[in-house]
Amino acid sequence: MAALGYTEIQLLGQIVNSYKDPAGKMSFAELLAAVAEVSGIRRVRFTTSHPREFGRDIIAAIDAVPTLCDHIHLPVQSGSTRVLHAMQRLYTREQYLERIAWIRSAKRDISITSDIIIGFPGETEAEFQETLSLLDECQYDAIFGFKYSPRPNTPSLRLEDAVPEEEKSRRLTILQEKQRDIQKQRNLHHINQTFEVMVEGKKEARGQWVGRTTQNKIVNFTGSGDCASGRYTSVLITASFPNSLLGEMVI
């Protein structure tokens with residue numbers, strides 16, 4: 001891929017961090033470092049990690065290898081240990097928060113995103129509130145929130161006490177509004193910071209280029225000259241929004 005001119009690589013897997021080298025010579029963290037050290041590669045991302053398989057060695061690799069991106073997607077699904085057990089997630093709220101603490105203690109400013117399912121069968125209002133409180137503790141940079149929906153051939157089909165659709169919608173709205181406020185506050189601290197942005201395209205109507213930082217944050221920016229897709233450029237952040245940053249190219 002590097003020989004063809006690609007500069008950003010994403011390792012993709014349903015539980016990507018459970019990777020096992022068939023020869024038994026390389027852990028997932030070592031694989032990340034090895035890919036990042038390939039000549040010509042400037043960014044390496046990975047998704048999606050499972051909390052049960054997530055170890056400190058991944059954070060150590062990110063700290064040690066500049067090419068590894070400052071972003072970890074670590075789906076939690078629920079802030080309630082009882083609901084996590086019903087989901088067969090194989091970890092507790094406390095174990096998940098331990099992993100968040102590991103990430104926050106890194107030398108680099110690593111952004112954290114997550115997936116959350118609202119309205120899993122049997123989820124009580126108190127358990128939903130546990131998920132809301134988890135947002136406060138984790139301070140995610142973004143989440144993907146979903147209403148539970150039955151899927152064929154899944155164990156949850158046998159669970160009773162379904163949450164009404166109207167209630168699921170209410171809870172999801174509350175979750176998304178709370179997370180929006182968190183993202184708004186988190187993005188404010190990026191104002192006046194300069195980031196390397198990989199250009200992904202241009203919004204002709206607005207006369208803005210669009211790209212991403214190593215933290216996987218979207219940046220819309222203006223500037224003179226050519227900004228072809230795939231180019232890396234420095235951007236000074238001048239304003240922030242819940243889902244994006246605004247900036248000016250640094251000449």
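Colleague: What makes a residue part of a pocket lining, and which residues lie nearest the centre of the largest pocket?
Modeller: On a 1 Å grid over the protein atoms alone, a pocket is an open set of points where a 1.4 Å probe fits, with protein on both sides within 12 Å along at least five of seven lines; a lining residue has an atom within 4 Å of a point. For the largest pocket 26 residues qualify, and Gln14, Gln77, Met87, Arg89 and Ile117 lie nearest its centre. Strand 4 (111-118) and strand 5 are the elements that give two or more residues to this lining; strands are DSSP runs of E with at least two residues, helices runs of H or I with at least four, both numbered from the N terminus. This is a predicted model, in which local features need pLDDT of at least 70 and side-chain atom pairs pLDDT 80 or more, while totals for chains, interfaces and linings use all residues. Residues are numbered from 1 along each chain as its sequence is written, and side-chain values use heavy atoms, without hydrogens and water.

Colleague: Which residues lie nearest the centre of the second largest pocket?
Modeller: They are Thr113, Ala142, Phe144, Arg212 and Asn216, out of 25 lining residues. Its volume is about 500 Å³. Strand 1 (8-12), strand 2 (43-47), strand 3 (71-73), strand 4, strand 5 and helix 6 each give two or more residues to its lining.

Colleague: What makes the pair of Phe28 and Phe46 edge-to-face?
Modeller: Rings of Phe, Tyr and Trp (its six-membered ring) pair if their centres lie within 6.5 Å; planes under 30 degrees apart are stacked, over 60 edge-to-face, and the rest tilted. The whole structure has 3 aromatic pairs. In this one the centres are 5.5 Å apart and the planes stand at 75°, which makes it edge-to-face. Phe28 is in helix 1 and Phe46 in strand 2, 18 residues apart.

Colleague: Why are Phe28 and Phe46 called buried?
Modeller: Buried means under 20% relative accessible area, exposed over 50%, and partly exposed in between (1.4 Å probe, protein chains only). Phe28 has 5% and is therefore buried; Phe46, at 6%, is likewise buried.

Colleague: Why is the pair of Phe120 and Tyr148 edge-to-face?
Modeller: The ring centres are 5.2 Å apart and the planes lie at 70°, so the pair is edge-to-face. Phe120 is in the loop between strand 4 and helix 5 (125-138) and Tyr148 in the loop between strand 5 and helix 6, so the pair ties together parts 28 residues apart in sequence. Phe120, at 7%, is buried, as is Tyr148 at 12%.

Colleague: What makes helix 1 mostly covered?
Modeller: Of its 9 residues, 7 are buried, among them Leu31, Leu32 and Val35. The cover includes strand 1, strand 2 and helix 2 (56-64).

Colleague: How do you know whether Asp161 is buried or exposed?
Modeller: Its relative accessibility is 58%, so Asp161 counts as exposed. Asp161 is in the loop between strand 5 (142-147) and helix 6 (165-188). Beyond its neighbours within four places in sequence, Asp161 is in contact (heavy atoms within 4.5 Å) with Pro121 and Gly122.

Key
Points joined across faces, edges and corners; volume = space filled by probe spheres on them.
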